[in-house]
Amino acid sequence: MIAEVVTPDELSKIAPVFGQPSFNNHEQVVFCHDKDTGLKAIIGIHNTVLGPALGGTRMWNYTNEGEALNDVLRLSRGMTYKSAISGLNLGGGKAVIIGNAQTDKTPELITRFGKFVNSLSGNYITAEDVGTTTADMDLIRDVTPYVTGISESRGGSGNPSPVTAYGVYMGMKAAAMHRFGSANLAGKKILVQGTGHVGETLISYLVKEGALLQISDINEQRMADVAAKYGVGIFTGDDLYSAEVDIYSPCALGATINDTTINKIKAKVIAGAANNQLAVENVHGRLLMEKGIAYAPDFLINAGGIINVYGEIAGYGKEEGLKRTENIYNTTLEIFYEAEANGITTNEAAMRIAQRRIDDRKKEIAK
Ligand code: NAD
């Protein structure tokens, strides 16, 4: 059946892609559909100046298409800046599959998605994200070379979380250096929110250094297991954000720095793994600055995972990945310096440095 006719007047009001608030000069937005497998996916390629657009595939039960599109536009843009600030020769991209990862995912659907990735001839390279697994990446590898994060037994880089945690640890030490005059975290009171893949490894580094930890997780069993394993305390107060700590480390979910929490935060440093920690980047970034809280930009200090998978393209192993991740310490210090020198937030400073790298490369290409 042919879709109903839409009047010119109605059409003039529809701006489904370029009119989205999250649209930000994206190079390509590819809608993928396959009737047989039920696949509905969107691949967003934000920018390829520095290299092919790399970013994970998220499978999520979006309530509507607009939400999925908004997510892929926002996330792919984030990847451009994450890779640029991390010195990787990669552009920014991301994919979303619309559906419930628990009930709608089949090997056929994932394979079909892999074929769509292949059709972009390497302009987009995929990886694991929320709702997809290393096993899914292995299936995609059967139909395209443009995938990273495949299992170690197949020559991949395996689980990125430990490397991500190492980068967060480095970023936290740099922020401590800037705020307290020493990168030594021994004796510092630190609250880690989220004790999952990244949080747990981060906790292990912090315990080893002699930090005084409190942890929190909505998964009580996991929190109790981690507390027992590392001998750390569980946060028991009424309000986590008011905790009397030196450092707050969000390692669970995004947007925890928002209108409700910002005035309660007592920590002098914020450094964690969660993506998009600032509910509204400019507003909350600036408020943190005014309060004298040293904020280590999330997309910079949680880049260990992508530095790790980049090894699959650039041809380096885990050791080299960790070495490169260690450099997050220097980059974070550089960003604090740039921010202070220009009276801007650390988030703005990081974006500025990343954008400069993209612009310089663009000029080089044009020569
Ligand atoms: P994960 O799912 O393994 O762990 C997240 C933990 O946070 C879970 O234990 C969950 O129960 C807990 N949690 C959820 N909501 C919470 C809340 N309101 N309060 C306290 N705890 C809560 O995820 P992960 O791989 O450890 O990633 C953590 C964060 O870092 C995520 O935001 C992720 O997007 C980001 N990140 C991860 C990587 C990586 O390599 N895994 C890379 C970059 C960014």
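## Basis of the description

The structure is a predicted model, in which local features need pLDDT of at least 70 and side-chain atom pairs count only at pLDDT 80 or more, while totals for chains, interfaces and linings use all residues. Residues are numbered from 1 along each chain as its sequence is written, and side-chain values use heavy atoms, with hydrogens and water left out.

## The chain as a whole

The protein chain contains 13 helices and twelve strands, where helices (H or I, at least four residues) and strands (E, at least two) are DSSP runs numbered from the N terminus. Its C-alpha trace spans about 65 × 45 × 45 Å along the principal axes. For 367 residues, a compact globule would have a radius of gyration near 21 Å, and the value of 21 Å for the protein chain agrees with this; the radius is taken over C-alpha atoms, and the globule rule is 2.2 Å times the number of residues to the power 0.38.

Of the 367 residues, 51% count as buried, a term that stands for under 20% relative accessible area, whereas exposed stands for over 50% and partly exposed for the range in between (1.4 Å probe, protein chains only). If one takes the contacts (heavy atoms within 4.5 Å) between residues at least 6 apart in sequence, 65% of them join residues at least 24 apart.

## Helix α8

Which residues of helix α8 are buried? In this helix, which covers residues 281-290, they are H284, G285 and L288. These residues cover an arc of only 105° around the axis, which puts them on the same side of α8; the arc is that of the directions from the helix axis to the C-beta atoms. An α-helix has 3.6 residues a turn, so residues three or four places apart point the same way.

The buried residues of α8 pack against β11 (269-270) and β12 (294-295), while N282 and E290, on the other side of the helix, are exposed. After α8 comes G292, which has a positive phi near 75°.

## Helix α7

Helix α7 (residues 220-230) has M223, V226 and A227 as its buried residues. They lie on the same side of α7, because they cover an arc of only 100° around the axis. The face turned away from this buried side carries the exposed residues Q221, A228 and K229.

The partners against which the buried residues of α7 pack are α6 (197-209), β8 (212-216) and β9 (233-234). Just after α7, G231 takes a positive phi of about 65°.

## C32 in strand β1

C32 has its place in strand β1 and is buried, with a relative accessible area of 4%. Leaving aside neighbours within four places in sequence, C32 is in contact with L39, K40, A41, I43 and F116. The C-alpha atoms of C32 and I97 are separated by 9.1 Å, and these two residues are 65 residues apart along the chain.

## Two loop residues with positive phi

N25, in the loop between α1 (8-13) and β1 (28-34), has a positive phi of about 60° although it is not a glycine. N25 counts as exposed, at 64% relative accessibility.

S121, found in the loop between α3 (107-119) and β6 (124-125), is a residue other than glycine with a positive phi, near 55°. At 56% relative accessibility, S121 counts as exposed.
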